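Here's a quick walk through this model, with a few spots to look at on screen. Keep the sequence handy as you read.

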Amino acid sequence: MALSEQEQIRRNSMEQMRAMGIEPYPAAEFPVTGYTDEIKETFVDDLDPAREVSIAGRIMSRRIMGKAAFVELQDSRGRIQVYVSRDDICPGEDKEFYNTVFKKLLDIGDFIGIKGFVFRTRTGEITVHARELTVLSKSLRPLPIVKVKDGVTYDSFDDPELRYRRRYVDLVVNEGVRDIFIKRTKVFNSMRNYFNEHGYMEVETPILQSIPGGASARPFITHHNALDIPLYLRIADELYLKRLIVGGFEGVYEFSKNFRNEGMDRTHNPEFTCMEIYVAYKDYNWMMQFTEKMIERICLEVNGTTEVQVGDNLISFKAPFARVTMAEAIKHHTGVDITGMDEDQLREAAKSLGVEIDKTMGKGKIIDEIFGEKCEGKYIQPTFITDYPIEMSPLTKRHRSNPELTERFELMVNGKELCNAYSELNDPIDQYERFVEQMKLADKGDDEAMIIDHDFIRALEYGMPPTSGMGIGMDRLVMLMTGQVAIQEVLLFPQMKPEKKD
């Protein structure tokens, strides 16, 4: 592929440096003793002697004024101004490094190291006065530098496809993007600390599985050459975690990468992060309280408040959250009472509501379609939707007061599901029969129906105590905590269509 004029100029500069004996990609360590944010926060005027620092980062802008220049340097925590004087960095007779390397061969985007002292300029800006300047890495492609003048942004790098595909550029030039991913880490750390404080143990379970179990979804399939068997990238880790409860652990959790071979949109990515937790001797009522307290705490620790602006909606994560049964939700938003309806009646109800269904769908899928199309988007503030019909929940314990329902909840926020939780089904005979019903749906053409996991049934036959489990989509949680409306904004490298070749 032909190089642009700028790319060729930079390569020529790189070769000129080498000809002068300056390696543009040195192997030696550069000692960093300060960072931009910390230098600014701790600066003291009239400190004698001035603080000595060693910093490193990218050149983001520069103004050369003959024998001196100002450089804007960006490190991992922000930006700071650097004052560069020819006579300071070239104290001897030879000024070639300043006159040629600094003024002509260095470019925006290059990494440099600076050793010097901190002072405040006459205009009041905290600045590092360079005594030494070291070339650390040459940038061979020009950055799309964003400029703001008189409140107007120029040369903005804002095309979503380019930003997501070239996240490394997005992180450099777009202010605020790194903050999203710093908050993402804070969300994970806050949740992990919450579980650890309760005495629950973090574990790891297989990603490659012989049966795609634990959820209703279409899997990715691969092949194990040595064993000559098909394997599946996991769609959920539920069944393995419940095996650990059988084995005697009282509380286990996992942050897992899951994979579902389905569509991509603003709230779905085929590879996503889920957290699942299972706690013995608890039920879904306990889990609702546990979950709302956890999310309230995360929001406070990440944002300093329980309220977050997400698009046009101001969402409050102050516990407790509202609770509405699924039947109540459907009746409230459609006027249709699904209680006691058989499959044919549900088909007629869906048709009357204008909800599209097909012949492969059983009762559970039909109810799910009605709720998803007519109700889900209405729940902006955190709301637990509870007591799902048994056909929708093959891994869930029957409701203690109504055997047609299950003890399950989903947490809806900003019109989308965030959490899914059960009083876990621990009756192996009932569980086997539920799997059989799922296989009947598969025979009708439902490619998301669950496969019978005989080893999981065997594990349940050894006995699993009453248990509650909860799964939460971490990417969606980060979206909410950072006020983002597209999942691609909170994934460092979201799945993209193949890049078109020139």
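## Two helices side by side

α8 passes α14 in a left-handed crossing, meaning that the near helix is turned anticlockwise from the far one by less than a right angle (clockwise would be right-handed). On the α8 side the contact is made by Leu239, Lys242, Arg243 and Val246, and on the α14 side by Asp455, Phe456 and Ala459. Contact here is heavy atoms within 4.5 Å. Sort those residues by type and you get four nonpolar, no polar and three charged. For that sorting, Ala, Val, Leu, Ile, Met, Phe, Trp, Tyr, Cys and Pro count as nonpolar, Asp, Glu, Lys and Arg as charged, and the others, Gly among them, as polar.

How do the axes sit? Those of α8 (residues 238-246) and α14 (residues 454-461) come within 9 Å and cross at roughly 25 degrees, so the two helices are roughly parallel to each other. The cut-offs are under 35 degrees for roughly parallel, over 145 for roughly antiparallel, 65 to 115 for roughly perpendicular, and oblique for the rest. Axes are lines fitted to C-alpha atoms, for helices over the stretch in contact, with angles running from 0 to 180 degrees between N-to-C directions.

## The model as a whole

This is a predicted model, where local features need pLDDT of at least 70 and side-chain atom pairs count only at pLDDT 80 or more, while totals for chains, interfaces and linings use all residues. Residues are numbered from 1 along each chain as its sequence is written, and side-chain values use heavy atoms, leaving out hydrogens and water.

The protein chain comes to 15 helices and 20 strands; these are DSSP runs numbered from the N terminus, with helices being H or I of at least four residues and strands E of at least two. The C-alpha trace spans about 90 × 50 × 50 Å along its principal axes. Of the 502 residues, 49% count as buried, which is under 20% relative accessible area; exposed is over 50% and partly exposed in between (1.4 Å probe, protein chains only). Among contacts between residues at least 6 apart in sequence, 65% join residues at least 24 apart.

## One side of α10

Which residues of α10 (residues 326-334) are buried? They are Met326, Ala329 and Ile330. They cover an arc of only 95 degrees around the axis, so they sit on the same side of α10; the arc is that of the directions from the helix axis to the C-beta atoms. Their cover includes β16 (322-325), α12 (363-374) and β17 (383-386). Just after α10, Gly335 takes a positive phi of about 80 degrees.

Have a look at the loop between α2 (36-42) and β1 (52-65), where you'll find Pro49. A cis peptide bond joins Asp48 to Pro49, with omega about 0 degrees. Asp46 is in the loop between α2 and β1 too, and its phi is near 60 degrees, a positive value in a residue other than glycine. With 78% relative accessibility, Asp46 counts as exposed.

Another cis bond runs from Ala319 to Pro320, with omega near 0 degrees; Pro320 is in the loop between β15 (313-316) and β16. Tyr281 isn't a glycine, yet has a positive phi of about 70 degrees. Tyr281 is in the loop between β13 (271-280) and α9 (284-303), and at 57% relative accessibility Tyr281 counts as exposed.
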